[in-house]
Amino acid sequence: MTHIKVTVDGTVYEDDVEPRLLLAHYLRDRLGLTGTPIGCDTSSCGACTVDLDGATAKSCSVLAVQADGCAVTTVQGLAKDGGWTPLQRAFHEQHALQCGYCTPGMIMAARDLLRENPRPTAEEVRDALEGNLCRCTGYQNIVRAVLAAAGGQDGPEPGSRAGDAPGAQATEEVRA
Amino acid sequence: MTTVAANGRRTAFVDNDQKPNGHGRMLRKEDPRFVRGRGRYVDDLQLPGMLHLAILRSPFAHARVLSVDTTLAEAHPKVRLVVTGAMLAEKGLAWMPTLSNDVQAVLAADKVRFQGQEVAFVVAEDRYAARDALELIDVEYEPLDPVIDVRTALAPGAPVIRDDLEGKADNHVFDWETGDAAATDEVFRRADVVVSQDIVYPRVHPAPMETCGAVADYDAVDGKLTLWSTTQAPHAHRTLYAIVAGLPEHKIRVVSPDIGGGFGNKVPIYPGYVCAIVGSLLTGKPVKWMEDRAENLISTGFARDYIMRGEIAATREGKILAVRTNVLADHGAFNGVAAPVKYPAGFFGVFTGSYDLEAAYCKMTAVYTNKAPGGVAYACSFRITEAVYLVERIVDCLAAELRMDPVELRMRNFIRPEQFPYRTKTGWVYDSGNYAPTMERAKQIAGYDELRAEQAEKRARGEIMGIGVSFFTEAVGAGPRKDMDILGLGMADGCELRVHPTGKAVVRLSVQTQGQGHETTFAQIVAEELGIPPQDIEVVHGDTDQTPFGLGTYGSRSTPVSGAAAALVARKVRDKARLIASGMLEVSVADLEWEKGSFTVAGDPNASVTIQDIAMRAHGAGDLPEGVEGGLEAQICYNPENLTYPHGAYICVVDIDPGTAKVTVRRFVAVDDCGTRINPMIIEGQVHGGLTDGVGMALMEMIAFDEDGNCLSGSLMDYLIPTALEVPDWETGFTVTPSPHHPIGAKGVGESATVGSPPAIVNAVVDALSPFGIRHADMPLTPSRVWEAMRGRPLPPI
């Protein structure tokens with residue numbers, strides 16, 4: 001057992017875990033944060049994508065002990081008090097989800113893209129989401145949603161880095 | 001609002017401000033929980049004391065199980081239970097019935113019949129320990145020769161896979177035929193032109209993002225079993241568990257929570273579900289089983305695997321006279337096909353397609369091989385993917401033979417609108433259709449004539465461009481109970497509607513969404529009929545204790561069957577509301593006019609009551625008209641009189657890199673006609689998803705085996721499904737030809753795009769390769785396979 005201290009969605013957790021425990025299972029089984037699903041066993045699908053210290057990571061391919069001392073943001077930590085982030089709202093408005101299973105990972109990956117590139121082209125969105133598989137939507141509405149969140153009225157101000165750090169999340173919230 | 005897509009074309013955009021009280025674009029009620037990570041899928045469930053189950057699987061395709069030593073596994077400190085096939089055999093649970101009246105091993109007690117088959121299971125305190133313990137089980141196998149190539153399965157001396165079946169001495173499952181063999185032969189004899197082609201629809205897999213799993217919780221005190229599971233058909237599963245486990249149905253509750261995609265993969269009952277139930281019965285604790293991706297791909301329901309010989313007869317002028325086909329169907333080691341009992345080949349009989357023929361005939365043989373069971377899955381509408389692929393490929397072969405434009409050939413042979421209801425030569429009665437305008441619409445969106453001109457220019461420059469067309473007729477909404485049942489359960493669907501005192505409502509369905517948006521669209525159906533805003537209507541589904549009996553969601557049957565039930569149950573409530581309104585307004589019912597949401601006295605617009613007023617009166621004080629009970633609710637069980645037959649015209653444009661043979665789908669135009677459109681936004685999403693399936697199947701996906709029966713496609717590293725980069729911006733359109741027999745004229749649509757798109761893509765690739773002398777190439781059209789085809793060596797699938 002190894003002692004770890006991880007900040008997840010703004011809450012600090014201290015735990016003793018087996019070194020082999022995957023971060024995805026730590027989040028899901030230990031912390032009960034089941035908003036991060038698992039879709040494969042080869043790091044292919046991206047359903048388990050989370051933010052790990054400001055970079056996206058497929059949490060099925062990170063050990064919980066490797067997250068020791070890190071800040072993890074999951075889809076459940078994006079909006080407070082039941083609100084929406086621009087991306088969440090855009091996914092809803094553009095019908096960018098069906099079964100909803102890939103959605104958390106898609107939103108986390110798209111969030112990372114918009115942080116790096118606030119005004120992506122459709123091709124850049126497709127390229128950025130290549131690591132996230134979806135079986136329902138055929139991707140087009142996901143691309144629309146990311147573009148709408150980037151440039152739409154609900155999107156972050158040009159040049160802003162909304163959602164970059166836990167402290168900045170409030171600016172991502174919009175009317176519920 | 002419209003937006004301009006990246007390719008410059010204008011496409012419809014979701015109108016966020018529109019909140020229809022009934023049919024129309026409406027944003028989904030289920031989204032808010034999913035975008036926040038608050039969906040509730042099976043693996044999200046955590047119950048007090050819950051244990052975890054893992055399954056040991058066979059490394060061999062065919063081998064006798066000599067012994068299973070579980071001593072070390074049982075000694076593992078976190079292991080609570082280890083169960084082998086022999087232990088289940090003692091309890092009479094080693095085998096379970098399949099949905100096709102065959103039996104399937106829950107755990108192999110005698111021998112293993114496919115790689116990945118369940119041999120033993122472990123229940124432990126956590127999922128890691130359960131997996132550890134699998135490594136401690138020692139199984140001694142005696143390898144047997146496997147049967148992998150379906151073409152050799154019936155050869156004399158072939159190893160007999162199903163020696164468990166009394167007197168079984170070969171690998172034959174069934175023969176099936178449809179149509180008129182003699183009449184078809186006669187038409188072929190006198191036809192000017194006959195074209196034949198061997199066509200393979202390779203084995204693929206639905207691969208939903210969420211794999212299959214379950215949590216079983218048996219309460220020994222009240223004797224009740226609760227099973228949360230990834231099932232598309234919770235009520236049918238409950239009945240089957242009642243038969244297998246010997247528990248009465250009222251002591252079994254099956255709950256299908258949020259499901260991360262189904263696509264037919266979650267219709268069958270898998271050994272893992274039964275193992276979880278056994279695990280809970282034996283430990284007295286909740287037991288969770290969640291398979292991983294490899295297990296999902298190698299052991300759960302595959303799709304397709306039809307080896308077809310297609311033949312088409314026509315006049316020199318391009319009048320198609322007849323289609324004939326011979327099919328060899330690979331069913332794997334157990335016949336687990338999820339299809340109505342009288343339809344062992346599903347609805348493959350619609351292989352006559354959208355054309356008015358003089359004759360048709362099909363002969364099919366199904367065989368066992370040492371592979372996982374399945375066959376009907378992946379949005380196939382019970383084998384219509386195969387039927388449409390066959391006819392749309394062979395029609396293109398004929399077009400090539402006649403040197404005729406493939407659109408023109410189809411237009412000349414369409415069933416005409418005045419011929420509906422149209423009885424095909426294989427006995428299917430198409431409900432309605434107006435095919436030519438749908439084809440014209442697709443041509444118009446695609447700019448078909450300009451595309452052909454562009455192709456001619458490109459060919460002159462040595463560039464490789466192809467244009468592919470498919471026109472399909474689907475058959476969805478199984479089905480009439482006189483013909484269709486699953487293990488004796490008629491394919492009807494129930495619906496229950498309760499209007500609360502304040503006019504809010506709850507509608508309970510027997511079908512089970514897996515992302516298709518039922519929580520939204522069924523509220524819209526009821527809203528359209530009753531005038532209660534869809535936001536005020538809660539849709540309940542997936543819990544057999546709470547919902548009326550019905551057969552579940554697959555085969556695009558929800559709208560045709562359950563959607564009809566929802567409309568009719570709402571009308572039943574409306575009829576009662578009319579009686580109550582007549583009492584409230586003190587007029588006869590004949591004097592009342594219904595305007596969505598209220599009754600008004602004819603000629604007196606001020607004398608009016610809303611459905612909400614009526615709901616309060618129904619539950620409140622004051623007299624009701626004589627003979628009217630209090631409350632405002634109704635229940636119905638809808639038995640469809642026929643299937644619905646949506647249709648569509650698809651056009652695909654591909655470019656092939658001459659240097660790498662990589663196929664790029666540059667454009668894809670899909671025009672669908674599913675009759676009345678309940679929510680255009682959701683339909684469009686269904687189509688987008690299905691078209692992506694088509695790109696996967698046509699260009700990337702295949703479950704392959706080596707000669708020893710090792711599955712070569714057991715991970716997402718090997719089984720390739722499209723990413724955002726492999727698919728274009730879809731271009732969709734529609735026409736509306738309502739179903740005359742459906743209460744709201746709506747037809748199913750969920751599987752249309754998966755059915756219709758593979759032939760359009762393959763036809764486009766073959767069209768592109770026609771300068772190379774290619775008339776057919778089998779899927780998947782990967783770069784290496786197209787490379788060979790460009791050199792005149794099209795390869796069969798492995």
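Welcome to this predicted model. Across the interface of chain B and chain A, the rule finds 7 salt bridges. One salt bridge pairs the side chains of A:Asp29 and B:Arg127, with N to O at 2.8 Å. Over all chains, the structure holds 67 salt bridges.

**Where chain B touches chain A**

- On the side of chain B that touches chain A, the elements giving two or more residues are β2 (10–12), α1 (31–35), α4 (127–134), α8 (293–299) and α16 (680–699) of chain B.
- Which element gives the largest share of that side? The answer is α16(B), with 9 residues.
- Sorted by kind, the residues of the side of chain B that touches chain A are 30 nonpolar, 16 polar and 16 charged.
- In terms of contacts, 62 residues of chain B meet 50 residues of chain A.
- The size of an interface is often given as the accessible area lost when the parts come together.
- Here, chain B and chain A bury about 5000 Å² between them, and 53% of that area is on carbon and sulfur atoms.
- Between chain B and chain A, 33 residue pairs are in polar contact, counting pairs with both residues at pLDDT 80 or more.

- Side chains of opposite charge can pair when their charged atoms come close.
- In chain A, A:Asp112 forms a salt bridge with A:Arg115, and their closest N and O atoms are 2.8 Å apart.
- Both A:Asp112 and A:Arg115 belong to helix α3 (residues 103–116) of chain A, where they sit 3 residues apart, about one turn of the helix.
- An α-helix has 3.6 residues a turn, so residues three or four places apart point the same way.
- Are A:Asp112 and A:Arg115 buried or exposed? Both of them are buried.

- B:Asp258 and B:Arg33 join their side chains in a salt bridge, 2.7 Å from N to O.
- This pair ties together parts that are 225 residues apart in sequence, because B:Asp258 lies in the loop between β15 (252–255) and α7 (271–283) of chain B while B:Arg33 lies in helix α1 of chain B.
- B:Asp258 is buried, at a relative accessible area of 11%, whereas B:Arg33 counts as partly exposed at 23%.
- Another salt bridge brings together the side chains of B:Arg131 and B:Asp292, at 3.0 Å from N to O.
- That pair also links distant parts of the chain: B:Arg131 is in helix α4 of chain B, and B:Asp292 is in the loop between β16 (287–290) and α8 of chain B, 161 residues apart.
- B:Arg131 is partly exposed, with a relative accessible area of 33%, and B:Asp292 is partly exposed too, at 22%.

**A network of salt bridges in chain B**

- Salt bridges link B:Arg64, B:Asp102, B:Asp110, B:Lys111, B:Arg113, B:Arg162, B:Asp163 and B:Asp164 in a network.

**One face of helix α15 of chain B**

- Helix α15 (residues 611–619) of chain B has buried residues at B:Ile611, B:Ile614, B:Ala615 and B:Ala618.
- Looking down the axis of α15(B), these buried residues fall within an arc of 105°, so they line one face of the helix.
- What covers the buried residues of α15(B)? The cover includes β26 (493–499), α13 (518–530), α14 (558–585), β30 (598–601) and β31 (604–610) of chain B.

How values were computed. Residues numbered from 1 in each chain as written. Chains lettered and ligands numbered in written order. Predicted model: local features only at pLDDT ≥ 70, side-chain atom pairs only at ≥ 80, totals over all residues. Heavy atoms only, no water. Contact = heavy atoms within 4.5 Å. Buried area = accessible area lost by both parts, 1.4 Å probe. Salt bridge = Lys/Arg side-chain N within 4 Å of Asp/Glu carboxyl O. Polar contact = N/O pair within 3.5 Å; in protein donor to acceptor, adjacent residues only side chain to side chain. Helix = DSSP H or I, 4+ residues; strand = E, 2+ residues; numbered from the N terminus. Nonpolar A, V, L, I, M, F, W, Y, C, P; charged D, E, K, R; others polar. Buried < 20%, exposed > 50% of the residue type's maximum accessible area, 1.4 Å probe, protein only. Arc of directions from axis to C-beta.
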